[in-house]
Every structure is written in structure tokens, then in C-alpha cells.
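Subject: Handing over the model

Hi,

Here is the structure I promised to pass on. Have a look at it first, then read my notes below.

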2 protein chains.
Amino acid sequence: MINEHYLNMLSNKNIIRVLSEYATARGQEIGYENVFDFSLGNPSVPAPDSFKEAVIDLVENTDPVKLHGYSPTIGLPQVREKVAESLNRRFGMEYKPIHIFPTSGAAGALAHAIRAVSKPGDEILVFAPYFPEYTPYINETGAVLKVVPADMESFQINFDEAEKYLNENVAAVLINSPNNPSGAVYSEETLKKLAELLKRKSAEYGHTIFLISDEPYREIAFDGHQVPYAAKFYDHTLTCYSFSKSLSIPGERIGYVAVNPACEHADDIVPMCGQISRGIGHNCPSSLIMLAMMKTVDDTADLSVYETNMNLLYDTFVDLGFTVNRPGGTFYIMPKALEEDAAAFCQKASKYDLIFVPTDGFGAPGYFRVAYCIDTEKVKRSLPRIREFVEKEYPNR
Amino acid sequence: MINEHYLNMLSNKNIIRVLSEYATARGQEIGYENVFDFSLGNPSVPAPDSFKEAVIDLVENTDPVKLHGYSPTIGLPQVREKVAESLNRRFGMEYKPIHIFPTSGAAGALAHAIRAVSKPGDEILVFAPYFPEYTPYINETGAVLKVVPADMESFQINFDEAEKYLNENVAAVLINSPNNPSGAVYSEETLKKLAELLKRKSAEYGHTIFLISDEPYREIAFDGHQVPYAAKFYDHTLTCYSFSKSLSIPGERIGYVAVNPACEHADDIVPMCGQISRGIGHNCPSSLIMLAMMKTVDDTADLSVYETNMNLLYDTFVDLGFTVNRPGGTFYIMPKALEEDAAAFCQKASKYDLIFVPTDGFGAPGYFRVAYCIDTEKVKRSLPRIREFVEKEYPNR
């Protein structure tokens, strides 16, 4: 008997994919170099040479039976140790290998973290604006996603609204800083206030509210800043990470869950993730990729292009009179559209071969996302086109 | 709120793992070469050189942004095409790329296939003896595993019992040939009878009963035989495959679901798998591994060692008077224990540093599994030990 739930999901078109497909089709007409495709968050810089060297070294110099053999479900011990060491050194944490669970990217990390700290029927709060894939990530576990409306001034957390949404059914709160789509980085002050709120509410409800911190953009921070490490501020934090952006290897599907050693059930959660894997078919990432990551855990691709692109676009949007926050990281910027209907705005932009994504689906209606993980040369060529689009379509702004 | 369900799973000890851990601990006492560890189904032959060469060629000669970039959720088109071509050529099928879904091994394949063709509350039948991990694979989706008792003569399907277990709540039947733990290969006759039964029952209940065929051991067949390809016999078949054994790369987590083009909803099932992925955090296997598999799809490791080992063990067990079927494939053999309580039998064997697994948990009480994916030299050294064990412990057999 075919599963009608998944069959019905096929008719729900993802707006980002629709726009990306439009951009590809348009590119076939006029040359893709002439389509300013800001739709997809797909890293555009090469992986560091060290990653390639690590792969070659592993296949050249390791017994293939060992190299390609089964890993334990909770990951190779040496990989878990190396990740713990790196996090401890960089963020002053005290992770042990038992707190590190290698996963197939951040999606795999979230699939385990959410299941570990919630059960079907529980609520999980996210703060708008938020990554729309959180909806299936959460709701398909049986837990229920609840969206706390955004602080549209700063894209930090709207604490008045958060207070209203917290209730005794909330098992966990999921944050994403640096943020897709806004590019905002949660400040230390925001993280402290969030920790205080969660502590107070956990005490009030008599159970721990967990914090799941989704940090795939952690290494893309601008102005020389370091992104505050959420787990430093709240004991009961599960950090979900992906090397997709830092090493520029999104197709390799490698990341981890790191469980704060001060967390409730800290030593159980990774073994629990091993049990969760049995039900969702995960069973550890590729051993070759896991070991190559281990050898390059502190490296990054050259991420400076994203800051260059951000500054070009930010300055242009400001100059054109857009309401826009300067991103603290990621490769996204989220200006306010020049009319109330952001979809109509993006539709008009597409006539100029500018592919922007309206952020209604991200819980931020009236705004649009610009993903600038493309060549700087193309960003530069897009600037006069953005100017032309705005001046022609919105002459009286 | 910690998830009690997964927390409680931690206390359920897996018998295979317990025995394997015992073997490792014992190995530290007396040298692992002196422990005849037949507990784990972990391939022991090296991957073919072609796999290593494919990996090196890919990282040396492909633009890293393309090589390591995001794959579509349903997999790289060229990989899907190559897998379809290979299956069509080898088994006379007519798969198109839309019928092929690359996965993280057979576990990933089953996680998607089961969800695609059943919903929570539906029943899924497996035939004893069966791989115990099917229990979490099935039950964690919300569907319910039902075990049809074995045909203990031949380890083919017990059709009288199958008839009794089929009812209108059965969404799918899951088979595993060549079989873990028995080593049996389902004959064409068995597959034809099964197809007839499923057709008749589907008509009777007014809905299609799907067949999920889990075939990780398909390339380990003995006596020069080819394993009959289940999908040839029944339209509504989802074939789940893993390259773990054929290429001897179990740690790399690569396999696929292949949907019979004649299957109900044939063109929907792979896109549905893409939707399922969003909820379970799968999002396609590693792109490097997927592409290396593509380049080696028709290769295998040197699998002949398993047949050599099987013959040594089979002849010894027969000579010692065991009731035992000669395996048609896999790297398992499953003789009947020399006393009713197979756990007690295996306990006694462990005093001789022979590590066997009682198959009570595989739905075959009174038998034991011998996993002979170890060096032939070690198998040879184990034979006098098996003889000694049997003669001392069961002198009056």
C-alpha cells in the first residue's frame, strides 16, 4: 500500500527549487552567466587542498579492509576524539569522545538531535526567520514545529513572543546562528537572555528544555568576529554542525552532533543517537569522508569571497534605499522588498534575470533572500542590473 | 525532555555485539589470532583496486566545487543512469534513472523503501530466519514487523504459514536472499510461488502488496550460480541493494533502491524517497563515494574466499554429524545446535574460543550462525578446534 502522506508531498513545490529550476532553464536560453541566480545556498569555493590530499593519503596508505570497513554506529573513535579536541581548544569546552556523534551533514545531525530530546506530540520552537526545511525535519519525527515571530528590527530573538510560545509541551528550542536567511549572528547578550529564559521555564515546568543549535555557517563570520558558541551559554545544548560550508564539501554529507558535557543525560545522548540511527537507516557517515574530515577538522576553504560579496550587495542595497541589516555571517542577505508582496517583487526582479527568493516561507513575509555564494565577478555584474530593476520598477520609492 | 523510548533501547543488548565484544576482550588476553571469532558479518577481503583508482581519479581530475557539491536529494543523474544500465544488462530489466535511488547502504535503502510502501499501523511480513535489525528498521517507521515461521528443512519460504499470516493489513513482504543467517538462496520456484501468492492476496484485499527484496549478498553466490533476481518474478518489487559486500566497502555506506518499472506508482516512488529523506536526514550518500561506485558498478572484490571457507566448514559440520544446509551464498552457515538450547551450546563453544551466534533472535531457535568472512587460514585452524569441542562436549551425540 503506497504511503499517501509522502505521495501527497510530491505536489508541494519548494519555492527555492522552483526558482532555481527557472534560473537553470533561463540560463539555457541566454547563457547561465547572464542569469544572476541568487536562489541557492550552494557553496561556490573549492574545498581546501588539504581535503584532497587527505583523501589521497587515506586510499594510498591505509589497508582497504580497515579504511572501508564498518564503523561503529556511533562513529570512529579517533574521529570523535579529534572533533572533541578541536571544539575544546577553540571554544573552551570539555567534550569527550562520548559527546560527539558523526553524522551525514547537519540534516543528519538534526534528524538525531530532534529525536533524542523530544517525542511525538512535543513542541519544538524555532525563531523566525528560519530555514524552511526545519518543518519536515521536525514534523516528520512526530514532534510539532512552532514558529516564534521574528524580531524584524534586528533578527535577534523576539523574547516577548518567545515567552508567549513557551509552554510545558515544549521539549526543545532550535536556533540557527549565523542565520539562514537573515545572515544575523546571535549576540552573546541574546544567547544569555535565551539561556536565562530556558532555565526559568525549565524550572517552572519541572523538565529540561533542550537547546538545539544548528551551526552550519559558524565559520562564515564577517569583520573578523567569532560567532558566539551557543553551548557556552546553556548546559543543555546539542550543537549540530556540518562541514558543508567550512570545508566546501556539501555533497560529502559530513557533520556531527556535539552534546554539552553538562547536559542532562550527556553520556546517554550519543548512544541514543546510535539507536535512533537503526530506525532511520543512518548507520554512520562514509568512513573515508569521516577520516578525511578528521585530518582537516581545523581547516577551511577560502571563505573570504562571501564577505566580499556581502559588502558589495549590502552597499548597493543601502544606496538604493532598501531597509536591510548588515549580515554578521553566512552567505545570505535579507532586505525588505519594495512592495508588500515579496513574491510579486521577486517576480518583477526575475524579468531582469535577477533571481531572488521571497522569504514568506522562512517566516519573514515582505522580505527576500539573496544567496551570494557565487563568483564575485558575477556579483559585480549584477549590481547595475539591480539598480536598473529598482529604478525602472519602483521609480517613486 | 529526553526521549524515553530511545533511552530504554540502550539497555537492550544486541547478542551479536555482546559476543563480538567478548571475542575482542578474549583476543586481548590470548591474542586475537587465537580467537575463532565467527560472530560478525564484516567483509574481510580488500576492495578492488578499481575502487581506489576511481577515488584518486575523481579527486585528481574533477573540479572540487562540482565533485563535492550538493547532489539532488534523489541522487546524481549519471549515477542513477549507470546503475539502471547495469541492472538492465545483467538481469534483463528495463529500469530508467527515475527508478534508481542511491542510498547510504542497504539500511538507508530499507529505511526509504519501507516508508514508501507502508504507513504506521500496517503490517510487514518477514520470513524466518531473518536479520534481527529488520525489527528496528520496520517497527521504528510505525509499521509492525510480523515474522512468518521458517521452513526449517530448506530455509526457503514456508508457504502454509505465509498464507496464514497474510491479511488485509499487510502492506509489504520483505525477503532477503541470499539469506542472513541461513545462507539459503531462494529458488526461482520459491520466487514464482511467492509472486503467485502475493498476486492472489492483493486481488483478494483490493490493494497491492509490495515486495521489498533486500539483496546485499546478491554477488556472493556459490557453485557458479547466479542468484535469481526477485524483481523478475513480481512487478511490485523494490530491490534494496548495498555495495558493502560486492565491493567490500561497508564503511562507505553506498547502495540503492531500484523500483521495478512495472510497479504500482513506479515513477513516484523515487521522488517519494526524496521526500522521505527530508524527514529522516538522509539527503543522498557522499557524492565522492557515489561517483566512485558509478565507476566500479560492475566490479567486485575477490569474493571466492567465502566459498572456500564455506566448503571447509560445511564439510566439517557434516562430518561431525550436524544437521546443516549447504549455503547457496552469503558468508554465513547455520547448523542445528547439538542441544535444544542454542545459547547454551554457543556458551560451551566459547570455552574453546569458538565464537558462534545462537539464532534465536533470527527467528530460528535451536540453531547457530557461523560468519566465515575471515581468513581461510584461520578457518582451517578452527576446524580441529570445532572437532575437539564437539567430541569433548557432546561425546554421545
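A definition to start with: a residue is called buried when its relative accessible area is under 20%, exposed when that value is over 50%, and partly exposed in between (1.4 Å probe, protein chains only).

Next, some housekeeping. This is a predicted model, in which local features need pLDDT of at least 70 and side-chain atom pairs count only at pLDDT 80 or more, while totals for chains, interfaces and linings use all residues. Residues are numbered from 1 along each chain as its sequence is written, chains are lettered from A and ligands numbered from 1 in the order in which they are written, and side-chain values use heavy atoms, with hydrogens and water left out.

**Where the chains meet**

The size of an interface is often given as the accessible area lost when the parts come together. That is the buried area (the loss for a 1.4 Å probe when two parts are put together, summed over both). For chain A and chain B it comes to about 6000 Å², and 59% of this is on carbon and sulfur atoms. On the chain A side, M1(A), Y70(A) and R278(A) lose the most area to chain B, together 15% of what that side buries.

If you count by contact (heavy atoms within 4.5 Å), chain A puts in 76 residues and chain B puts in 76 residues. There are also 33 residue pairs in polar contact between the chains, both partners being at pLDDT 80 or more. A polar contact is a pair of N or O atoms within 3.5 Å; within protein, one has to be able to donate a hydrogen and the other to accept it, and residues adjacent in sequence count only if both atoms are side-chain atoms.

Several elements of chain A supply at least two residues each to the side touching chain B, among them α1 (4-9), α3 (49-61), β5 (170-175) and α10 (266-280). The largest share, nine residues, is from α10(A). These labels are DSSP runs, numbered from the N terminus: helices are H or I with at least four residues, strands are E with at least two. Sorted by class, that side of chain A has 38 nonpolar, 24 polar and 14 charged residues. Here Ala, Val, Leu, Ile, Met, Phe, Trp, Tyr, Cys and Pro are nonpolar, Asp, Glu, Lys and Arg are charged, and the others, Gly among them, are polar.

**Salt bridges**

Side chains of opposite charge can pair when their charged atoms come close. I call it a salt bridge when a side-chain nitrogen of Lys or Arg is within 4 Å of a carboxyl oxygen of Asp or Glu. The structure holds 40 of them over all chains, and four are between chain A and chain B.

One pairs E60(A) with K52(B) at 3.9 Å, N to O. E60(A) sits in helix α3 of chain A and K52(B) in helix α3 of chain B, so this pair joins two chains. E60(A) is partly exposed at 41%, and K52(B) is partly exposed at 31%. E60(B) and K52(A) form a salt bridge too, with their closest N and O atoms 3.9 Å apart.

Inside chain A, R26(A) and D353(A) meet at 2.6 Å. The two are 327 residues apart, with R26(A) in helix α2 and D353(A) in the loop between α13 and β10. R26(A) is partly exposed at 22%, while D353(A) is buried at 6%. E204(A) and K201(A) pair at 3.6 Å; they both lie in helix α9 of chain A, three residues apart, about one turn of the helix. K201(A) is buried, at 7% relative accessibility. R90(A), E215(A), R218(A) and E219(A) are linked in a network of salt bridges.

**Cysteines**

How many disulfides does the structure hold? Zero, over all chains, taking a disulfide as two cysteine sulfur atoms within 2.5 Å. The sulfur of C240(A) is 8.5 Å from the closest cysteine sulfur, in C273(A), which is too far for a bond. C240(A) is buried, at 0%.

**One loop residue**

T208(A) lies in the loop between α9 and β6 of chain A and is buried at 10%. Its side chain makes a polar contact with that of E264(A), at 2.4 Å. Leaving aside residues up to four places away in sequence, T208(A) touches A171(A), S202(A), H236(A), E264(A) and, from chain B, M1(B).

Cheers
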